[in-house]
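Reader: Could you walk me through how to read strand pairing and nonpolar cores in a model like this one?

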Amino acid sequence: PRGGVSPGGGLLRAGMAARSRRTAHASGRADARPARRVMGEEGVVPASPPRLRSSGCDLVGGKMLALLLLLLPLAGQAAWQVSTIAGSGSVGHMDGFGTSAVLGGPEGLAMDSDENTVYFADGGGGAQPAVRSLTLSTKRVRTVAALPAGSCPAGVASSGGVVWVADRCRHVLLHLVPPSEVGASANVTSVAGSPGVAGHQEGALALFDAPGGLAVSGDGGVVWIADRNNKRVRIWQAGAATASTLVGTGAGVAADGDSAAADVGDPVDVALSANGLLLYVVDGDSVRAVSLTPQGFGGYGGVRTLVTSTALLGARALGVEASGESVVVVGGSMAVHSLALTAQGDASPPVVLAGAEGEGGLVA
């Protein structure tokens, strides 16, 4: 499952997916922008907070059955502000505006490329699991599509109005196109995996085992899947309708190196880098990078660990901020952490942006 954190007791229920970005696999270009860093008593931290734009942010999450958005700090403030933008705090399912909407347990959220629509899975509250949307400009929450009974929607990714959902209980990848008319429901199609069948198989007859976090290319042609119980990061080629493994042998022992030696241990979520050349993976207590080009470290499929920290244990989701200079991780130690990326391809130690480590949740 995507995190093993219960919504009870005020604990964090969070989901995050990288914004859709057009990949640059063939270009081989490197991101030459260095991360700005300063030294402080607690180590290397970003010189300024990551710029997750309020109209095009990657980071959205739910807490206490309410949908939250991390906003930029006001002038002169050192910490980020956490505020509720949708969800009443009651358990259930009802469309509406802002805090009049009722949510059951939002998870696996994704910003569409229009930078105004957030799609999220809502599988709690005793209602039928569904994909719902939040329009940031109006704070309107509406149900886009009902999902099959028994679904446990986890990862969500979106590009150009097309939504992909990982169903961890039914072990399938779902596809839907949200309707433009309010009140209409989208058709949901299972495009990969066999409903109710857990396993590992490549190709057109692909099988998954509790798929979780998703990322999608800007053109919507490639979906990356954290296939958690299979201990692999998988690729779904939408045009060819086939699945393959990007990295992972199933052994569950994390290892850096080229594609022949690299492995993942416990892949929970994935996010595409700002330049489309890397795929970031939350893997146990680490954030790791997988090369998507032959020119990357170890070639295509090579893996490098960016940072390992006990503060990241239990992390459930990650995203890349607007400039590509930081990775933001949600859920580790029940807090939101920022990892500044360095020009050398490493990351700084995690810095808490919101929440307090060990306190069991974010407090708005």
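Reader: Which residue stands opposite aspartate 167?

Author: Strands here are DSSP runs of at least two residues (helices, H or I, need at least four), numbered from the N terminus. Two strands pair if DSSP finds at least two bridges between them. In this case aspartate 167 stands opposite valine 172 in E14. Strand E14 covers residues 172–176, and E13 pairs with E14 in the antiparallel sense over five bridges.

Reader: Before we go on, what sort of model is this?

Author: A predicted one: local features need pLDDT of at least 70, side-chain atom pairs count only at pLDDT 80 or more, and totals for chains, interfaces and linings use all residues. Residues are numbered from 1 along each chain as its sequence is written, and side-chain values use heavy atoms, with hydrogens and water left out.

Reader: Okay, which residue in the hairpin of E13 and E14 takes a positive phi?

Author: Histidine 171, with phi near 60°; that hairpin has four residues between the strands. E12 and E13 form a hairpin too, with two residues between them, and there glycine 160 in the turn has a positive phi of about 60°.

Reader: How many bridges join E12 to E13?

Author: Five, with the strands running antiparallel and E13 spanning residues 162–167. Serine 159 stands opposite valine 162, and serine 158 stands opposite valine 163.

Reader: What is the strand order in the sheet?

Author: It's an open sheet of four strands, E12-E13-E14-E15, with antiparallel pairing. E12 (153–159) and E15 (188–192) are the edge strands, each pairing on one side only. For angles, lines are fitted to C-alpha atoms (for helices, over the stretch in contact), and angles run from 0 to 180 degrees between N-to-C directions. Ignoring direction, neighbouring strands of this sheet are turned by 30° against each other on average.

Reader: Is E13 mostly covered or mostly uncovered?

Author: Buried means under 20% relative accessible area, exposed over 50%, and partly exposed in between (1.4 Å probe, protein chains only). Five of the six residues in E13 are buried.

Reader: And which residues have the most contacts inside the largest nonpolar core?

Author: A nonpolar core is a set of buried Ala, Val, Leu, Ile, Met, Phe, Trp, Tyr and Cys residues joined through side-chain atoms within 4.5 Å. The largest has 18 residues, and Tyr280, Val287, Leu306, Leu318 and Val329 have the most contacts inside it. E21 gives the most to this core, with three residues. Apart from it lies another core, of 17 residues, including Val222 and Leu246.
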